[in-house]
Amino acid sequence: MKETLRTLSVVLSIIGASAIIGNSINQSAAIIASSIKTKEADTQTKIISELVKMLKEKDLAQPKEVQPTARMPEVAGSKKVEGVGVGTNPSKGNDNAHVLMVEFSDFQCPFTKRFFQQTFPQIEKEYIETGKVKFAYRDLALAFHPMAKPAAIVARCAGKQGKYWQMFDKLLTGNSLDKETFKKYAQELGLDIKAFEDCQENPEIKEAVEADIKDAEKFGAEGTPSFFINGRFVGGAYPFDIFKKIIDEELTKPIEIK
């Protein structure tokens, strides 16, 4: 009896260890069997076999490893989303352009700043200024960027005085986003400061920013910057050549008559 209890103890110990070091129940059984004295083998092996069977039936063996599903990176522009519009911010370019490029982004996002400093000037020169592309910027102020939403409101309030894009440029090229800096930019642009500051407390402006954020979620834009080129989704600050390829493809398509 004492020998049986000792064996049970060994069985449970080794099986418990197997869960930690990655052995299967069968491997544990082999380890235990090899540790048993020959004269006791028959009795003890029966005990082990019954325990292994019971553990398997009750699914008490080590947890099964879940292999991650292989996921191919999404090709920029491969997914198309219907219904992405310009929103309520001012847009750039020809209203009748064959291509509509909509960006959802965040003034505090470093990748957005990099895009506007390195890539957007080429897009603007080659496509927007030539009337081929209409560009719209919409707000996707991320929750972990505390000054993103205030900056979005500031840009809209500058827009109320006809200086949206001028404020836009300052917000994306400056080194700080805070209340004093916003006022400094407004003064540099010659805005009516009282009207500018009152505007920032206007609930309609705040609601407009929130509406953009909700639309971004609806269209599947989870990060910044996110672009939709005639609805084709581009997630990230890609180099100019990627945007050029997608825009050129859209320019060669026949104009849809609606």
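**Figure 1. Threonine 119 in the predicted model.** Threonine 119 is buried, because its relative accessible area is 7% and the limit for buried is under 20%. The model shown here and in the other views is predicted. Threonine 119 sits in the loop that links helix 4 (110-118) to helix 5. Which residues does threonine 119 touch, not counting residues up to four places away in sequence? They are Arg114, Tyr238, Pro239, Phe240 and Phe243.

Figure 2. The strands form an open sheet in the order 1-3-2-4-5. Pairing within this sheet is mixed. Strand 1 and strand 5 (232-235) stand at the edges. Each has a single partner strand, so one side of each has no neighbour in the sheet. Helix 5 (residues 120-128) packs on the sheet. Helix 5 touches strand 1, strand 2 and strand 3. The direction of helix 5 makes about 140 degrees with that of strand 3. Helix 10 (residues 203-219) packs on the sheet as well. Its contacts are with strand 2, strand 3 and strand 4 (226-229). For helix 10, the angle with the direction of strand 3 is about 110 degrees.

Figure 3. Is strand 3 (residues 133-139) buried or exposed? Seven of its seven residues are buried, so the strand is largely enclosed by the rest of the structure. In a regular strand, side chains alternate between the two faces of the sheet. Here Val133, Phe135, Tyr137 and Asp139 point one way from strand 3. Lys134, Ala136 and Arg138 point the other way. Both sets are buried, charged residues such as Asp139, Lys134 and Arg138 included. Strand 1 (residues 91-92) pairs with strand 3 in the antiparallel sense, over two bridges. Serine 91 has alanine 136 of strand 3 as its bridge partner. Strand 2 (residues 99-105) pairs with strand 3 in the parallel sense, over seven bridges. There, methionine 101 has phenylalanine 135 of strand 3 as its bridge partner.

**Figure 4. Strand 4 between strand 2 and strand 5.** Strand 2 and strand 4 run antiparallel and are joined by four bridges. Phenylalanine 104 has serine 226 of strand 4 as its bridge partner. Strand 4 and strand 5 also run antiparallel, again with four bridges. In that pair, phenylalanine 227 has valine 234 of strand 5 as its bridge partner. Ser226 and Phe228 point one way from strand 4. Phe227 and Ile229 point the other way. These four residues are all buried.

Figure 5. What kind of peptide bond joins threonine 224 and proline 225? The bond is cis, with omega about -10 degrees. Proline 225 lies in the loop between helix 10 and strand 4. Asparagine 230 lies in the loop between strand 4 and strand 5. These two strands form a hairpin with two residues between them. Asparagine 230, in the turn, has a positive phi of about 50 degrees. That is a positive value in a residue other than glycine.

**Figure 6. Cysteine 157 in helix 6.** Cysteine 157 belongs to helix 6. Its relative accessibility is 1%, so cysteine 157 counts as buried. Leaving aside neighbours within four places in sequence, cysteine 157 is in contact with Phe196, Cys199, Gln200 and Ile205. Aspartate 198 is 41 residues from cysteine 157 along the chain. The C-alpha atoms of these two residues are separated by 9.0 Å.

**Figure 7. The second largest pocket.** About 230 Å³ of space lies in this pocket. How many residues line the second largest pocket? The lining has 13 residues. Val154, Lys179, Phe182, Gln200 and Glu201 lie nearest the centre of the pocket. Three helices each supply at least two residues of the lining: helix 6 (148-159), helix 8 (179-188) and helix 9 (193-199). By type, the lining residues divide into six nonpolar, one polar and six charged. Gln200, one of the residues nearest the pocket centre, is also in contact with cysteine 157.

Conventions: Residues numbered from 1 in each chain as written. Predicted model: local features only at pLDDT ≥ 70, side-chain atom pairs only at ≥ 80, totals over all residues. Heavy atoms only, no water. 1 Å grid on protein atoms, 1.4 Å probe; cavity = no way out; pocket = protein on both sides within 12 Å on 5 of 7 lines; lining within 4 Å. Points joined across faces, edges and corners; volume = space filled by probe spheres on them. Buried < 20%, exposed > 50% of the residue type's maximum accessible area, 1.4 Å probe, protein only. Pairing = 2+ DSSP bridges. Contact = heavy atoms within 4.5 Å. Axes fitted to C-alpha atoms, helices over the stretch in contact; angles between N-to-C directions.
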